[in-house]
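Thanks for coming. Please have the sequence and the model open.

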Amino acid sequence: MSTAEKSGACRIMLEEDTDTEQAFENVLAEIQSFELPIEATLRSVYDDQTNGHKKFMEKLDACIRNHDKEIEKMCNFHHQGFVDAITELLKVRSDAEKLKVQVTDTNRRFQDAGKEVIVQTEDIIRCRIQQRNITTVIEKLQLCLPVLEMYSKLKEQVSMKRYYSALKTMEQLENVYFPRVSQYRFCQLMVDTLPKLREDIKEISMSDLKDFLESIRKHSDKIGETAMKQAQQQKNFSVIMQKQNNARFGKNMHVNNDSILEEKNDIVLKHVLEEEAENEEEVLTVQDLVDFSPVYRCLHIYSALGDEETFENYYRKQRKKQARLVLQPQSSVHETVDGYRRYFTQIVGFFVVEDHILHVTQGLVTRAYTDELWNMALSKIIAVLRAHSSYCTDPDLVLELKNLIVIFADTLQGYGFPVNRLFDLLFEIRDQYNETLLKKWAGIFRDIFEEDNYSPIPIGSEEEYKVVISKFPFQDPDLEKQSFPKKFPMSQSVPLIYIQVKEFIYASLKFSESLHRSSTEIDDMLRKSTNLLLTRILSSCLLNLIRKPHIGLTELVQIIINTTHLEQACKYLEDFITNITNISQETVHTTRLYGLSTFKDARHAAEGEIYTKLNQKIDEFVQLADYDWTMAESDGRASGYLMDLINFLRSIFQVFTHLPGKVAQTACMSACQHLSTSLMQMLLDSELKQISMGAVQQFNLDVIQCELFASSEPVPGFQGDTLQLAFIDLRQN
């Protein structure tokens, strides 16, 4: 082949290669465009040329490498922005968390606000319902008012004896007005009364009956007041006679007091008899206060007409209505005794009238009817008293209420009405009365403790000595032998507390009187009430007093002495209760007073407080210690703070001589052990790095003073060197 041919062939091959390259470029462009199906394009690569697959793959790899380079360039170009974005996201994360917390809090507040909205919405719904009900009631009343007005017009015409107009009105009611309100019960009641109103005779008698009912309604309080007054006078006379018999024939322990009581009873009896003699001509009966002729006349008229049953039913129904009005107390009945008195007198007047009607008429009222009415009234009375008496916080008011209930019950019992449930109610009120007494005496005890000087009572003369002995049962032969001036061991609060406990017993006894209970039951009630006073009130006041910060060691010692004497006086309180109830302790098993446990607990609390305050005082002295642990030589004498502390302990333990030996010894041993522990803590202080010999000598002098104090037996009763052993650990260290 010539050179020209070879060059031509090469040119043809280059052209073919160029065409092939261009074809591959087109194929790749088509593949990357994703617009046409690539099956035909790929098939052309394999079909058009030999070794087209290999060349195409090389071209494809080159294209991929170019794209990888472009991607790498793009990633390098955007890498810093990506990093910045990640950084910003990390910063935003904390803000997002805060935002989440705020959103959560906002959601919670929205929920809380929503609850209030829900509540208010429910209130609005409830108000709307009430408003709708009110509207309905108004509409019904507007419908009923013309009927009521017409019926009122009818009653007025009958009372004015305009019977023709009354008949026309009845006809108009039956034809026009009653059909409008026929669904109501009062309409039927009106319809039922119309036939009776058509009879003039019956109407005249019914008018008289209404006047009678109105009259007895007005006079019920006066009738009840008179009946209760008579019952009270009879009761006073019986009580005085009974007390006179008890004073003459009962066994009493204090003769002087009994003589005074008997003389007082004679005076009261004389006064009662004189008052009854003066009022004998003025005693009024129920017939004097109320004219019963209308009811007699009405009863005879209805009996003659053969309609006696209608009259009886009407009378009973009207009386039941009046009973409900009488039994409904005023809202302020519990505020004063007069409110209760008016309430009781009206009820008594009502039933006194019913009792009179029962006995002077034949069949108008029966015993079954009065019993039913009384049972209904009794249930209402008990409910009212139980509800309103709970508002009474004054024991004097509760006591006066009890006296009114007793007179009320005695009065009605005299007319044959059963009153056992009222006396059962009085036992409930008695518990409330005791609670009010306990609250009152709690204040009295607090005032006594606040005003006490917590020092023995000084006595300068025989008269002063007798005054204290008359108030408090104290017996001490040694004290009696001493010359004046002298001192009682207890403080002035002890006789005052004793007197107030007796006053509490008197106050509790006042409620127990006239309850128709035996002396044994009264004695048991008094003892239980007194136990509550001792265990709950006096004990609480003592414990609160002991825990007060301003009560010092001297006051605590005096409190222990006081509780000891109060405990010893409990047997006199038991004798006092036995005396006023006339119950023999030998023949009847009686409740014991819990004074022993009450005052024992108070003493234990005071003893514990003594130990605590004594240790606190030692700590105060120890805090004044200012040891120079690097001193070269000791001062040659004990530290000033320690000598002050020892002098203080000596003076305190002198006061402890009035305490029981075990208490004083325990306090002394506790104080020495606490002082030893405090000194030991100084030596073992972690901040103390070294101690000079002079400091050791100085500390040794203080320990010697402690041992000398222990050996001096500040409190008698220790055996051998028991007290010195409290400082043995200091000596060993």
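I start with Asp523, which is buried at 1% relative accessibility; buried means under 20% relative accessible area, exposed over 50%, and partly exposed in between, with a 1.4 Å probe and protein chains only. Before going on, a word on the source: this is a predicted model, where local features need pLDDT of at least 70, side-chain atom pairs count only at pLDDT 80 or more, and totals for chains, interfaces and linings use all residues. Residues are numbered from 1 along each chain as its sequence is written, and side-chain values use heavy atoms, with hydrogens and water left out.

Back to Asp523. Its side chain meets that of Arg527 in a salt bridge, 2.7 Å from N to O. By salt bridge I mean a side-chain nitrogen of Lys or Arg within 4 Å of a carboxyl oxygen of Asp or Glu. Arg527 is buried too, with a relative accessible area of 0%. Both residues lie in helix H18, residues 519–546, four residues apart, about one turn of the helix. Helices here are DSSP runs of H or I with at least four residues, strands are runs of E with at least two, and both are numbered from the N terminus.

Why does that spacing matter? An α-helix has 3.6 residues a turn, so residues three or four places apart point the same way. Side chains of opposite charge can pair when their charged atoms come close.

H18 holds another such pair, Asp524 and Lys528, also four residues apart and separated by about one helical turn. Their salt bridge is 3.2 Å, N to O. Asp524 is partly exposed at 25% relative accessible area, and Lys528 is partly exposed at 48%. Elsewhere, salt bridges that share partners join Asp105, Arg108, Arg109 and Asp112 into one network.

How many salt bridges are there by this rule? The count comes to 14.

Next, helix H6, residues 200–249, where Glu214 and Arg217 sit three residues apart, about one turn of the helix. They form a salt bridge, with the closest N and O atoms 2.5 Å apart. Glu214 is partly exposed, with a relative accessible area of 31%, and Arg217 is partly exposed with 43%.

What does Asp221 touch, leaving aside its neighbours within four places in sequence? It is in contact with Thr345 and Gln346, contact meaning heavy atoms within 4.5 Å. The C-alpha atoms of Asp221 and Phe344 are separated by 8.2 Å, although the two residues are 123 residues apart along the chain.

Last, the helix pair. Helix H10, residues 308–327, has 20 residues, which at 1.5 Å a residue should span 28 Å, and its end C-alpha atoms are 28 Å apart, in agreement. The expected span is 1.5 Å times one less than the number of residues. Among the buried residues of H10 are Phe311, Glu312, Tyr314, Tyr315 and Arg319.

The partner is helix H12, residues 367–389: its axis and that of H10 come within 10 Å and cross at roughly 15 degrees. That makes H10 roughly parallel to H12, a label for angles under 35 degrees, with over 145 roughly antiparallel, 65 to 115 roughly perpendicular and the rest oblique. Axes are lines fitted to C-alpha atoms, for helices over the stretch in contact, and angles run from 0 to 180 degrees between N-to-C directions. On the H10 side, Arg316, Arg319, Lys320, Ala323 and Leu327 meet residues of H12 including Tyr369, Glu372, Met376 and Val384.
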